[in-house]
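Visitor: Before we discuss the model, could you show it to me together with its sequence, so that I can follow each answer on the structure?

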Amino acid sequence: MGDAVANVARRINETVEEEKDTLDLSQSKLINFPDGVYKVLRSVQEKIHVITLANNEIKSLTSKFITNFSQLRELNVEGNNLTKLPDVIGTMLHLTTINLARNKFTAFPEKLTDIKTLERINLKGNEITVIIYILGSLLAILTR
């Protein structure tokens, strides 16, 4: 466990020191997005446009995560345990790509249809059963 924490700290510090526009915390054994990260990233937070949290054990994204990173263009949370997204996801004005593949969604996250900039949604490998609604939502996005 100590190695995983050190790895996360190293990746976060690299993002801050090099003022990167990308934060990659994939395969970090995270069960949530650590609260302490918000303080560490405060000076570069607005510059971060891509966050990858793929292949962790995250069960939920919080409203705090969405509001703190509202400038994101890409969000990759593939391979986690997400079942839903917070309603504020619909307020992300710059998001073009979201990867939600291999999670635990049983329905299309309808608030994604509020994001007018969204071009790509990956929901492959989920447990979605509400097909008719998904098709209607996707058509609404495509016809904007």
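**Questions on the model**

Visitor: Leaving aside its neighbours within four places in sequence, which residues is Lys29 in contact with?
Guide: This is a predicted model, in which local features need pLDDT of at least 70 and side-chain atom pairs count only at pLDDT 80 or more, whereas totals for chains, interfaces and linings use all residues. Residues are numbered from 1 along each chain as its sequence is written, and side-chain values rest on heavy atoms, with hydrogens and water left out. If contact is taken as heavy atoms within 4.5 Å, and neighbours within four places in sequence are set aside, the contacts of Lys29 are with Ala4 and Asn56.

Visitor: Is Lys29 buried or exposed?
Guide: Lys29 sits in the loop between β1 (22-24) and α2 (36-41), where helices (H or I, at least four residues) and strands (E, at least two) are DSSP runs numbered from the N terminus. Buried means under 20% relative accessible area, exposed over 50%, and partly exposed in between, with a 1.4 Å probe and protein chains only. With a relative accessible area of 59%, Lys29 therefore counts as exposed.

Visitor: In what order do the elements of the protein chain run from the N terminus on?
Guide: The secondary structure of the protein chain comes to four helices and five strands. Read from the N terminus on, these elements follow the order α-β-α-β-α-β-β-β-α.

Visitor: How are the rings of Phe33 and Tyr38 arranged: stacked, edge-to-face or tilted?
Guide: Rings of Phe, Tyr and Trp (its six-membered ring) pair if their centres lie within 6.5 Å, and planes under 30 degrees apart count as stacked, over 60 as edge-to-face and the rest as tilted. The structure holds five aromatic pairs. In one of them, Phe33 and Tyr38 have ring centres 5.3 Å apart and planes at 50 degrees, so this pair is tilted.

Visitor: Which residues form one aromatic cluster with Phe33 and Tyr38?
Guide: Phe33 and Tyr38 are buried, and Phe65, its neighbours within four places in sequence left aside, is in contact with both of them as well as with Ile51, Leu53 and Leu75. Phe65 in turn pairs with Phe69, their ring centres being 5.2 Å apart and their planes at 50 degrees, so that this pair too is tilted; both of these residues are buried. The residues that form one aromatic cluster with Phe33 and Tyr38 are Phe65 and Phe69.

Visitor: What is the phi of Arg102, a residue that is not a glycine?
Guide: Arg102 lies in the loop between β4 (97-99) and β5 (120-122), and because its relative accessible area is 40%, it counts as partly exposed. Although Arg102 is not a glycine, its phi is positive, at about 55 degrees.

Visitor: And what value is the phi of Glu19 near?
Guide: Glu19 lies in the loop between α1 and β1, and its relative accessible area of 48% makes it partly exposed. Here too the residue is other than glycine and phi is positive, near 50 degrees.
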